[in-house]
Amino acid sequence: MQYTIPLWKEAPFLRLLIPFIAGLFLQDYFHIPLYYWLITIVVSAALFLVFVSLSLKKKFTNYWLSGIPVNLFFVSLGAIIFFKHSGHNDPYSILHNHTYNYITLTLNEPLVEKSKSYKSEAAVELLENGSNTKAATGNVIVYFSKDNGKPPVEYGSRIIVSKPLQPIKNSGNPGCFDYERYCAFQQIFYQVFLKPGDYAVLEKRKKNSFQLFLITIREGVTGILQKYITGKKEAGLAEALLIGYKQDLDKELVQSYTNTGVVHVIAISGLHLGIIYLLLTLLLKPLASFKAGKYLTPVLVIILLWLFAIASGGSPSVLRSAVMFSCIVVGKAISKNSTIYNTLASSALLLLCYNPFWLWDIGFQLSYTAVLSIVIFANPIYNIFPVQNKLPVSIWRAASVTIAAQILTTPLSVYHFHQFPVFFLVTNILVVPISSIVLIGEIILCGISFIKPLAVVIGKLITWMVWLMNTIIERIDNISFSPWDSLQISAMQMWILYMLTAAITLWLIQKEKKYFFAGLCALLAFVCLRTFSFYEAAHQKMLIVYNVPQMQAIDIVNGRRYKFTGNEELLNDDFLKNFHLKPFRVLHRISNDNSNEITGNILPVGNKKVILINNAVNYVPCPGKIKADIIILSRNAKVNIDNIISVFDCPLFVFDSSNTDWKIETWKKDCARLHQKYFSVKDEGAFEYNY
């Protein structure tokens, strides 16, 4: 009987990664003081010394005791690293220093042009309060007005700002992306919109040589691609494919790539590094015949991988992939028996030690689940249908890898993006080979750009191939059922799907009934949770006033149907609708009710009286006040709170975000004076009312 080494022993880094991640979660949710973790490390060290001092016999019989101090140590290590990276614990952080008249900022990146402004990320340097100057840390998003054209700043410029910083806040619309948390994980807590009189540019600049090198490379590569690749869509996608530059990407094209399941082609990451890794392995294969080739090949592969990662702009996603592939190369070079699970775990541990917040990054999660899924399922799927001929073998190999990657990434992508790409298999088989050729072509183009006639020819070939790729994606996206949209699963349902997948996989491999029954239990739990969520959705009744800047947006929900009233732009602009309104509707499993349009100022909210005031009204006081449950003031209605109260007996006023700041402030002061309860959507996020 052949003895199989358990995965737990084959992948020691996996055993260290799990308690490390547990420490990150504990610190994130419970905010435990640092000294508790330092005490835990001391305790774990003491326990380890006690175990070491035991006799050999006791060590052997109680071998499991050695894992306790090791696990405690890595839980504490994860928590401490999270604590150190969190700006909330830095006494110099801008979060803890609110008293200042002027703030000095240094631009960390070149300006990015937006529709109404120029945007850049800046590092906080100094805070000035009268004659006192204090060093500070943290990052700020700076928007420069376009009033006087492009501002006279660039990467490394230092500016003194007199305008107060505004905290970054979410819109408060349920189900929307948590932008505030996303920025906080990058140490960005504030933003500011600057007009020419709000800042002064200092003469002395502050530039990081390595960062400047990356920016110079990016600008040089972008210039070459824009020169030789014609067509706005084609050039924009070529830039994203090679260096991850997404400012010139067409939004509708990006949505098409997302809907068809090949958005990873645009987001430079593991796919691109994987192509480069395979190409380098193939090109350097002849070195294996030399004595020194065994040691030289992995060194050259790692150096060239990192050169590409740096040349492509050094984005977090590509650097993460470079670390992952470097660990794979090192693992193979050190030991032929090195398991890929151990290599993946070691790279993840290194990356999370460097930046623990990547654990919550969707790109990080999808990268590792995709690779893990391919490692586990690609070969078993490929072996289902034995194919002999070369072309069918290549196609089936690509298909098996694509299907395998989808198995573990589907629960995660449905949870985050609420859709499933029905034609993912077709699009990946067609597009990934083309994108690989385009990527290699772009590298060649940058290398021979000084030979203009040849560069023109290669540029035209790349343009045609990118056009072909875009056309395939757009045609498939135009099929009505291309994306299976509006899917909603909870975090609990996602984890149950993973348990179901694990149980069925183990049952198929080991043929043990216990895994089959575990899979059935997971499936039953998933069905029960889904059924209950649909039952809840069928019986929900609520009113929601969305927080959409400068717009009126109201949904009245009855079961799984809703009626909408608000700006027509939100009905016609897919981007605005998908960004602000769709997340709530998907979260609550509701769809449009076109049977009746909402008209008039009294909203059909069950047996509740909700009055919407959009325009100028002057009510005439009457002997008996009219009962109302909620009054919504919208579109800068020319009304007086005193006048409304003289006519209506209403416990709550709601000011939506279509009103200007000064109007809302006026109403808030009047309500405070009259002891009237109010809710400001602009300040507090979306207003939800269950009836």
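A charge is taken to sit over an aromatic ring if NZ of Lys or CZ of Arg is within 6 Å of the ring centre and within 35 degrees of the ring normal. In this predicted model, K251 lies over the face of F575, at 4.5 Å from the ring centre, and the charged end of K146 is likewise placed over the ring of Y118, 5.4 Å from its centre.

Contacts between aromatic rings were examined next, and the count comes to 26 aromatic pairs. In one of these, the ring centres of F177 and Y182 are 5.6 Å apart and the planes meet at 55 degrees, so the pair is classed as tilted. F177 has a relative accessibility of 52% and therefore counts as exposed, the cut-off being over 50%, whereas Y182, at 40%, counts as partly exposed. For F516 and F517, the ring centres lie 5.9 Å apart with the planes at 70 degrees, which makes the pair edge-to-face, since the angle is over 60 degrees. Both residues of this pair are partly exposed, F516 with a relative accessible area of 29% and F517 with one of 48%. Aromatic residues are also grouped in a cluster formed by F25, Y29, F82, F185, F357 and W360.

In soluble globular proteins, nonpolar side chains tend to be buried together. The largest nonpolar core of the model comprises 71 residues, and those with the most contacts inside it are L237, Y257, L305, L352, F364 and L445. Helix α17, which spans residues 452-477, contributes the largest share of this core, namely nine residues. Apart from this core lies another, of 24 residues, which includes I94, L105, F189 and Y199. When residues up to four places away in sequence are not counted, L305 touches L273, I276, Y277, L280 and F325.

At the level of the whole protein chain, 24 helices and 23 strands are present. The radius of gyration is 29 Å, close to the 26 Å that the globule rule gives for 691 residues, so the chain is as compact as a globular protein of that length. Along the principal axes, the C-alpha atoms fill a box of roughly 100 × 65 × 60 Å. Buried residues account for 45% of the 691 residues, and the chain exposes about 37,200 Å², of which carbon and sulfur atoms supply 64%. Among contacts between residues at least 6 apart in sequence, 66% join residues at least 24 apart.

How values were computed
Residues numbered from 1 in each chain as written. Predicted model: local features only at pLDDT ≥ 70, side-chain atom pairs only at ≥ 80, totals over all residues. Heavy atoms only, no water. Core = buried A, V, L, I, M, F, W, Y, C linked by side-chain atoms within 4.5 Å. Buried < 20%, exposed > 50% of the residue type's maximum accessible area, 1.4 Å probe, protein only. Helix = DSSP H or I, 4+ residues; strand = E, 2+ residues; numbered from the N terminus. Contact = heavy atoms within 4.5 Å. Phe/Tyr/Trp six-rings, centres within 6.5 Å; stacked < 30°, edge-to-face > 60°. Rg over C-alpha atoms; globule rule 2.2 N^0.38 Å. Areas by Shrake-Rupley, 256 points an atom, 1.4 Å probe, with all protein chains shown as cover.
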